[in-house]
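The points below are grouped by topic.

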Amino acid sequence: MENFELEDAVKEVMDGILPKKSRKIYEAQYDTFVKWCCQRKLENVNEDVLLKSKTLSSSTLWAHYSMLKTMLNVKRNIDVSKFYKLSTFLKRKSEGYKPKNAKVLTLDQIDKFLLEVPDKDFLMIKVALIFGVAGACRGKELHQLTISDVTDMDHALLVNVRNTKNNVDRNSIINNSNKNGIDLIEVCRKYMALRKPETTHSIFFVRYEKSQCTVQAIGKNTFGKIPQKVAEYLNLPNSTLYTGHCFRRTSASLLADSGASIDVWKRHGGWKSASVAEGYIENSINTKKIVADSIFGLGVGNSTESASAHQVSGSAVSASSASSTSSKNNILQNTIDGANRLLNIVNCSNVNIHVNINTNNKDL
């Protein structure tokens with residue numbers, strides 16, 4: 001009896017290793033591998049078997065490897081990380097592979113859509129765009145928003161993003177804006193006021209047709225197509241590449257392009273990895289201009305640009321000198337200015353900055 005209880009306890013602990021949100025995907029990947037082994041009458045799993053497995057031949061090579069590594073460890077106590085030939089094989093297979101990332105919108109494109117598109121047909125899409133870029137939201141996160149997650153504080157809207165992919169809850173603020181005559185709060189309030197009293201569920205986003213909201217909640221697949229609709233209206237090329245991850249990447253790219261620090265960037269989107277943040281900053285056109293100006297001497301005498309360049313390169317500044325104090329102040333100011341350019345939106349749970357868009361900063 002004790003043995004059974006011990007086995008159950010061990011099973012419960014091991015099952016807890018698997019991520020709850022993607023557990024089914026892990027199990028499906030493992031089942032596919034097991035069926036492949038059964039078809040070839042392979043009883044023992046070793047490095048050679050994994051090298052021959054067809055589950056490691058797709059473009060999602062590392063994702064499959066990661067899931068299979070976890071499942072083999074849980075189910076059969078096999079440590080795949082010690083298979084060095086397999087690791088080398090995976091690295092060689094992934095050389096030259098470039099993932100297709102969702103395309104991003106520029107600040108001018110966002111402004112153009114919000115100004116030109118009629119509310120009669122596109123009000124819900126406008127609000128989804130504002131919320132998505134405001135909080136660096138994934139499509140699924142927008143789908144999960146409830147009416148209790150959005151608080152009208154008169155001068156601003158507070159949006160709580162919960163149940164995120166990486167289990168990091170976030171808050172964001174949407175402020176009033178006079179830039180180009182756009183009032184972000186009023187756009188959102190107009191949509192919120194149209195919610196029917198007889199709506200029985202608490203999902204924030206409901207269908208919007210002919211200037212009226214219905215009681216039907218919007219499905220998660222719809223959010224994946226909203227960025228494409230925005231791109232189609234703006235006549236952007238390759239509109240199908242504006243996928244459900246577009247708003248999140250747009251938010252991150254605008255913030256990185258403004259010169260905000262990696263720490264501010266990570267907190268805004270709930271990113272845990274500094275390498276991901278550095279990738280966005282590396283691809284920032286504005287950052288590249290600052291670095292180029294510094295290299296060719298154009299940045300000399302411009303303390304703000306010089307501070308930004310030092311910030312990107314990660315150079316240490318001596319705290320003992322007067323110039324160090326000035327540089328640090330410039331870095332802090334540059335970070336604040338960067339947040340200010342991101343649609344008057346900031347992660348209020350982590351950065352206490354009151355945001356107002358600077359109408360002169362329209363050159364993203």
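In this predicted model, F205 is in contact with M124, V127, A128, F131, L142, L145, Y191, A217, I218 and F223, leaving aside its neighbours within four places in sequence. F205 is also one of the residues with the most contacts inside the largest nonpolar core, a list that includes L105, M124, F131, I174 and Y191 as well.

**Nonpolar cores**
- The largest nonpolar core has 46 residues.
- Two or more residues of this core come from each of α6 (107-116), α7 (119-134), β2 (156-161), α9 (184-193), β4 (206-209), α10 (220-233) and α11 (246-257).
- With 10 residues, α7 gives the most to this core.
- Another core, of 21 residues, lies apart from it, and C37, M71, L86 and L90 are among its residues.

**Nonpolar surface patch**
- V291, I295 and F296 make a nonpolar surface patch of about 340 Å².
- F296 is placed in the loop between α14 (285-295) and α15 (303-313).
- F296 counts as exposed because its relative accessibility is 69%, and the cut-off for exposed is over 50%.

**Whole chain**
- The protein chain has 16 helices and 6 strands.
- Of its 364 residues, 41% are buried.
- Among contacts between residues at least 6 apart in sequence, 57% join residues at least 24 apart.
- The accessible surface of the protein chain is about 20,300 Å², and 51% of this belongs to carbon and sulfur atoms.

How values were computed. Residues are numbered from 1 along each chain as its sequence is written. This is a predicted model: local features need pLDDT of at least 70, side-chain atom pairs count only at pLDDT 80 or more; totals for chains, interfaces and linings use all residues. Side-chain values use heavy atoms; hydrogens and water are left out. A nonpolar core is a set of buried Ala, Val, Leu, Ile, Met, Phe, Trp, Tyr and Cys residues joined through side-chain atoms within 4.5 Å. Buried means under 20% relative accessible area, exposed over 50%, partly exposed in between (1.4 Å probe, protein chains only). Helices (H or I, at least four residues) and strands (E, at least two) are DSSP runs, numbered from the N terminus. Contact means heavy atoms within 4.5 Å. Patches are made of residues with over 30% relative accessible area and no salt bridge: like charges are joined within 9 Å, nonpolar side chains (Val, Leu, Ile, Met, Phe, Trp, Tyr) within 5 Å. Accessible areas come from the Shrake-Rupley method with a 1.4 Å probe; for residues, only the protein chains shown count as cover. A salt bridge is a side-chain nitrogen of Lys or Arg within 4 Å of a carboxyl oxygen of Asp or Glu.
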